[in-house]
Every structure is written in C-alpha cells, then in structure tokens.
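Have the sequence and the 3D view ready, and follow along.

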Amino acid sequence: MTKKIAILPGDYIGLEVMAEAVKVLDVLRAEGEALEYEFGLLGGAAVDAEGHPYPESTQKLARAADAILLGAVGGPKYDELPRELRPERGLLGIRKDLGLFANFRPALAYAELAAASSLKPEIIAGLDLLILRELTGDIYFGQPRGRRTNAEGVEEGYDTMHYSRTEVERIARLGFEAARKRSKKLCSVDKENVLETSRLWREVVIEVGKGYPDVELSHMYVDNAAMQLIRRPRQFDVIVTGNIFGDILSDEASMLGGSIGMLPSASLDVNGKGMYEPIHGSAPDIAGQNKANPLATILSVGMMFKYSFDRGDIADRIDAAVKGVLRAGHRTGDIAQPGEKIIGTREMGDAVVAALQR
Ligand code: NAD
C-alpha cells in the first residue's frame, strides 16, 4: 500500500532542512518504496498565503495522510500577529486536530560529537534515552484558566493541572510498550509528593504496569529527574511523563547530546499515525544561508518509517547513514569544533544521500 506523506516545511530554515529530508525520501522512492508526498503550508507561510496558520487546505491534506513530516514554524515576521494567527497556533492546531497525544523524543549522544556536549564525555558516552511526553492534557489545556481580581483587589493568573485516568492509561501503556522494545526499564516522572494530579498519575501507571511484569518500573520526582539527567543520564532508558514536566525535561535532555540540530521527534495518535519533526525551531538567525543542520529532520524521516510505517529496517539504514557521515567528519556549524571544516545544509543532505546509496 502506498504511504501518503504530507510535507509541511513551515518557515525560515524549515524550508531548507525539509529540502534535504525530501532528498532522502526521493532515494527511497527510487529504490521502489511506495511513497506519495504532497506539500502543504503551516505556520507563518500559511498565514501569508491563506490567512490562517493551519488553513483548511492543510487540514485536509494532514487528515488524509498516513504521516506528516514537519520542518519548523514561526519567526520575527510573525511575532506581532494576534494570538490566534501566530504560527505556533498552527502547531497546536494540527496536534489537536489529529489527536497527537504522545510525543517521543529520543536523546542520543553520538560518540563523534562527544566534544559538542556541555557535559563531560564520560558522563554522556553511550547515552541513548527516550522521553515520552503526554501532549494534549495537563496544565497547558486544563480548565478553568484565566485572569481575575481576587477578594483583596489584586490581579491573579491561574491555570488548572488536570489528567483523567484514561489519559494516563494510554500514555503509560505506550511507555511500557516502548520500554519493552528497548532495555525494559521505565521511569515515570511526577510530583506525587505535592500534586493530586500526580498522585492519580502514579497510581494509574502502577496499575498499567501490572500488565507488563517484564518491565522494571521506577518513579522519580520531576525536580530530582532534572538533576539526575545532568548528573547520571545513562541511568535512564525510557522516561514517561506529563505535558509540562516533559516539555522541560525533554529540552534539558536535548542538550546532553550537543546540538538541537541533531534531534528528531514523533507525535502519535492512538492508531500510530504521526507527525515527525526536528525539535528545533525555525532559526531565523541562520535562515537562507545554507547553514542549518538538516540531520534532525532526516532522522525524523527515520522515525516516521519506524513508528508509522513499521519499517524499522529503513529507520536503521537512515540512522546508520547519519552515523556514517559523522564518522567521516562531515559537520555543519552547530556541531563543528573549532578548526573543523564546516559544510552547508545541502552538502550535509548530499552526504547522507551518498551514504544511503552506498
Ligand atoms: P530555534 O530552535 O529556532 O533556534 C535556537 C538556536 O539554535 C539558534 O541559534 C539557531 O540558529 C540554532 N539552531 C536551531 N536549529 C538549528 C539547526 N537545524 N542547525 C543549526 N542551528 C540550529 O529557537 P528560537 O530561536 O527560540 O526560535 C525561533 C523561532 O522558531 C521562533 O519563532 C519560535 O517560536 C519558533 N519555534 C518553532 C518550533 C517548532 O516549529 N516546532 C520550536 C521551537 C521554536
């Protein structure tokens, strides 16, 4: 069956890194993989062309696709737009529309890039962890929220942290499944000592865990997890956590490996349909200069094959090609050490394509 991919390059460097990911898809298609792709607009580009960050044309395209590949959205040109037209509303809109509730963020330390990490090489050598973040619940979406004036006449802002049993069950199950495919260790991160939401979270995770006796479950408070990620990150394999804790911890973990230009991510719905994107933003500071690292987007293509198309073999090939180009010494500016030769976005894409065809 032909796989339909919706390609949404987005804004600024989104366009440049996506062009390289498409080169990789072209190679696979030329080899005989049944792939069909169609381009659409999201974020600022969509506001420019159609007056909305997640316009109807993109909604149709995304809903009909088997998977979505996204570059990055946003940038200074769109900073003054009203809230509902801001590019990030497009991102939240597509996640909500497609019910993408599970966000997978691997953090990997490539041996070749050990010097790019802000941690000592011996602490991150061999690091390979996966953070699974719930994406559609928690304090980011809980009601009520708002601003008010309290009884003393002082202005307040308030939000509601909220998780239902069903929401925790489905993300916990994915966490156990992911751990089962890796080293069978799952760490659930919460703030159970303080928050009611976390108390329910922990109870439900433990219950779900009874169905996975082969997976070793541990629990950690989020403040300790933030510390342990820097102190001894290799103690973790799979971390499962809620939306706000996951937001912060996954950004922290992304720095362990050295550059956000290297890290892909996946956001899945209940059926395994997913949106795949680099974790970085649209990097307006380097846009249009052939400087962006396209590897995170190329690795996102690999995740797409693994998670949505059940083709771990292709994901492994893409991962191996990326490792190969790093081993051969190819570096974009963000991952180069002083004195190392720097190549551009297009040249890095070409190097991966050449490695894939070898
Ligand atoms: P950013 O990730 O775009 O950039 C942070 C820094 O990292 C910059 O110095 C940038 O040059 C560098 N960088 C990022 N990606 C790189 C790559 N592939 N190769 C080399 N260097 C890279 O974050 P920001 O500057 O805070 O945000 C810029 C814009 O992107 C904002 O409008 C923000 O809202 C948006 N943003 C979008 C997403 C997304 O689409 N998922 C995520 C984060 C930020």
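## Around the ligand

How far is an oxygen atom of the ligand from a polar backbone atom of Gly-281? The distance is 2.7 Å. Keep in mind, as you look, that this is a predicted model.

An oxygen atom of the ligand lies 2.9 Å from an N or O atom in the side chain of Asp-285. At Asn-293, a polar backbone atom is 2.8 Å from a nitrogen atom of the ligand. As for cover, the ligand on its own has 800 Å² of accessible area, and the protein covers 66% of that.

## Who is in the shell?

The ligand is surrounded by 19 residues, and Val-73, Gly-281, Ala-283, Asp-285 and Asn-293 are the closest. Sort the shell by class and you get 9 nonpolar residues, 7 polar ones and 3 charged ones.

## Rings that pair up

Let's move on to the aromatic side chains. A pair of aromatic rings is described by two things: how far apart the centres are, and the angle of the planes. Searching the whole structure turns up 4 aromatic pairs.

One of them joins Phe-104 and Tyr-307. Their ring centres are 4.8 Å apart and the planes meet at 45 degrees, so this pair counts as tilted. Phe-104 belongs to strand β4 (residues 102–108), while Tyr-307 belongs to helix α10 (residues 295–307), so the pair ties together parts that are 203 residues apart in sequence. Tyr-307, with a relative accessible area of 25%, is partly exposed.

Tyr-163 and Trp-201 make another tilted pair, with 5.3 Å from centre to centre and 55 degrees between the planes. Tyr-163 sits in the loop between β7 (155–158) and α6 (165–181), and Trp-201 sits in helix α7 (residues 196–209), so this pair links parts that are 38 residues apart in sequence. Here both Tyr-163 and Trp-201 are buried.

## Charges over rings

Conventions: Residues are numbered from 1 along each chain as its sequence is written. This is a predicted model: local features need pLDDT of at least 70, side-chain atom pairs count only at pLDDT 80 or more; totals for chains, interfaces and linings use all residues. Side-chain values use heavy atoms; hydrogens and water are left out. A residue is near a molecule or strand if one of its heavy atoms lies within 4 Å of it. A polar contact is a pair of N or O atoms within 3.5 Å; within protein, one must be able to donate a hydrogen and the other to accept it, and residues adjacent in sequence count only if both atoms are side-chain atoms. Accessible areas come from the Shrake-Rupley method with a 1.4 Å probe; for residues, only the protein chains shown count as cover. Ala, Val, Leu, Ile, Met, Phe, Trp, Tyr, Cys and Pro count as nonpolar, Asp, Glu, Lys and Arg as charged, and the others, Gly among them, as polar. Rings of Phe, Tyr and Trp (its six-membered ring) pair if their centres lie within 6.5 Å; planes under 30 degrees apart count as stacked, over 60 as edge-to-face and the rest as tilted. Helices (H or I, at least four residues) and strands (E, at least two) are DSSP runs, numbered from the N terminus. Buried means under 20% relative accessible area, exposed over 50%, partly exposed in between (1.4 Å probe, protein chains only).
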